[in-house]
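This report describes selected features of one protein model.

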Amino acid sequence: MGSILQQPGVIYCLKLQGFKMKNKNSIRIFLACLLILSAILACDQVMGRPTATTETHPTGAVPVIVPTESLTANAGSSGLGDSLYPDFGNGGYDVAHYTLDITVNNIATSNLTATVTIEAKATQDLDSFNLDFIGFEIDDLTVNDETAIYSRKGQELTISPVKPLMEGGDFTVVVQYNGSPEEMQSAALPFQTGWVTVGSGSFVLSEPDGSASYFPVNDHPLDKASYTFRVTVPKPFEVAANGVLSETIDNDDSTTFIFEARDPMASYLATINIDEFELETMTSENGIPIRNYYSTGLPEEVREPFARQGEMLAYFSDVYGPYPFEVYGSLVMDTEFGTALENQTMSIFGIDMIDTEDVEGTELVVAHELSHQWFGDSVSVADWSDIWLNEGFATYSEGLWIEHTSGRAALDDWVMSKYSSVSAFPEYYPAPGNPPADDLFNGGVYVRGGLTLHALRLEVGDETFFSIMQAYYDRYEGGNAATEDFLSVINEVSGKDLTSFLNDWLYSEKLPSILELGLGVE
């Protein structure tokens, strides 16, 4: 009846005589109302005037009139169609900003209460949409300040707002939840990802799919957003997160740390780390503030490999383009996790990644993660199959740092050593262009990816090569790119069609030769 009651003129007719047909006049009036109604409905069909339908609020108490246009709204996809991980991320909307307001109640268990606010824009008419979220008990969930219906299945949190969301419209999602993060195994590599609790605190290491372990998120690099982190921890613990520390609030028995990450960031690069820290600050030669966090009690020599970060920031700014963010720094946790990760503005290292007896070797790892701020963080992959655009570029940046500090002959030695490893153990270094989903970070995307860039440099010459790198960065800064995009820049800047050349390096099972260094010559 909701649609009938909205027609002009009909309400008046139904009210006449209290809608009681006690006599012939009442019958005539009723028949007249039906004629008026028929005429109005006919006009609606001819003129395309929208009718309406009724949806019921989840409580069942509030009828909501929804325009007929809303009936064209569809569910947003439960994945973004990534070629390796089609269920990663979600479609139908674009997130502009996340605010993570998290209170950690117990450091030993990472028990927390949280409110996450997501500001987004619908890219299609939506009657439901998904977020990626694992574990926790949801206490409340609203869309545009109205309680929404939701369901959960695996990693998918499906939300049905009371009123459909129209394409181009802004909307706000608020999710309140509590609990401890569940241990999460990455789909791409065999170790724990996301929020990891250790004896002295916790750290976040999320590539490629761990962010859903601690906050509801559109978890794919295609949907970048800015972030506010508001994290409260009991004293004497501290927090290190992405971006600029804008405020520290003393709450007597706890402390709230507020960080602002204002530049677009892929969700897997978001990080919150909790421990007792020693803070080291410096400024790069080109004016970038640097803050390094070290778990309290680590030996002083752990800091040595990070001493030249300022010089690295200035050097890579010269060869690639201006540093893309407000701040940089590194964090060393007093725990072993077998890797380092280029979290945006704050790379994270396990203590087992720091070899104090090989400072120069560890310095290359520092250079690798730092260079990711350009390639991986600012220019992010459009599809996870293009991971060599991250890791190959960062690996070659190690070689460039060697060249910068020790000369071209040292770079040649590095290239020959890497080529020899790939040639001797091809099973560990497959072609980088098609990594398998269960071995995303194989040796090929790193080492053979880096050799691909050096071969390109030799093919086009130094001046053209660095022009290619700068043009690629400039064109896709703050966004996403695929291998096809990089190839397009190569061909455009070089003035040559190097498609076959690049394909051989990226997709051929046989390792191409580097004639200039006598490599691969039989």
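## Open sheet

Eight strands form an open sheet with mixed pairing, in the order β8-β7-β11-β5-β4-β15-β18-β17. Its edge strands, β8 (146–147) and β17 (244–250), each pair on one side only. Strands are DSSP runs of E with at least two residues, helices are runs of H or I with at least four, and both are numbered from the N terminus. Two strands count as paired if DSSP finds at least two bridges between them.

β17 runs antiparallel to β18 (residues 254–265), and six bridges join the two. V244 has E260 of β18 as its bridge partner.

## Basis of the model

The model is predicted: local features need pLDDT of at least 70, side-chain atom pairs count only at pLDDT 80 or more, and totals for chains, interfaces and linings use all residues. Numbering starts from 1 along each chain as its sequence is written, and side-chain values use heavy atoms, with hydrogens and water left out.

## Cis peptide bonds

The peptide bond between E207 and P208 is cis, with omega about 0 degrees. P208 sits in the loop between β14 (201–205) and β15 (225–234).

A cis bond also runs from K235 to P236, where omega is near 10 degrees. The loop between β15 and β16 (238–241) holds P236.

N144, which is not a glycine, has a positive phi near 55 degrees. The residue is in the loop between β7 (137–143) and β8. N144 is partly exposed, because its relative accessibility is 36%. Buried means under 20% relative accessible area, exposed over 50%, and partly exposed in between (1.4 Å probe, protein chains only).

T345 is not a glycine either, and its phi is positive at about 70 degrees. T345 lies in the loop between β23 and β24 (347–350). With a relative accessibility of 5%, T345 counts as buried.

## Largest pocket

The largest pocket has a volume of about 310 Å³. A pocket is an open set of points on a 1 Å grid over the protein atoms alone, where a 1.4 Å probe fits, with protein on both sides within 12 Å along at least five of seven lines; lining residues have an atom within 4 Å of a point. Points are joined across faces, edges and corners, and the volume is the space filled by probe spheres set on them.

The lining has 18 residues, with T339, A340, L341, E369 and Y446 nearest the pocket centre. β23 (340–341), α5 (359–371) and α6 (388–406) each supply at least two lining residues; the largest share, three residues, comes from α5.
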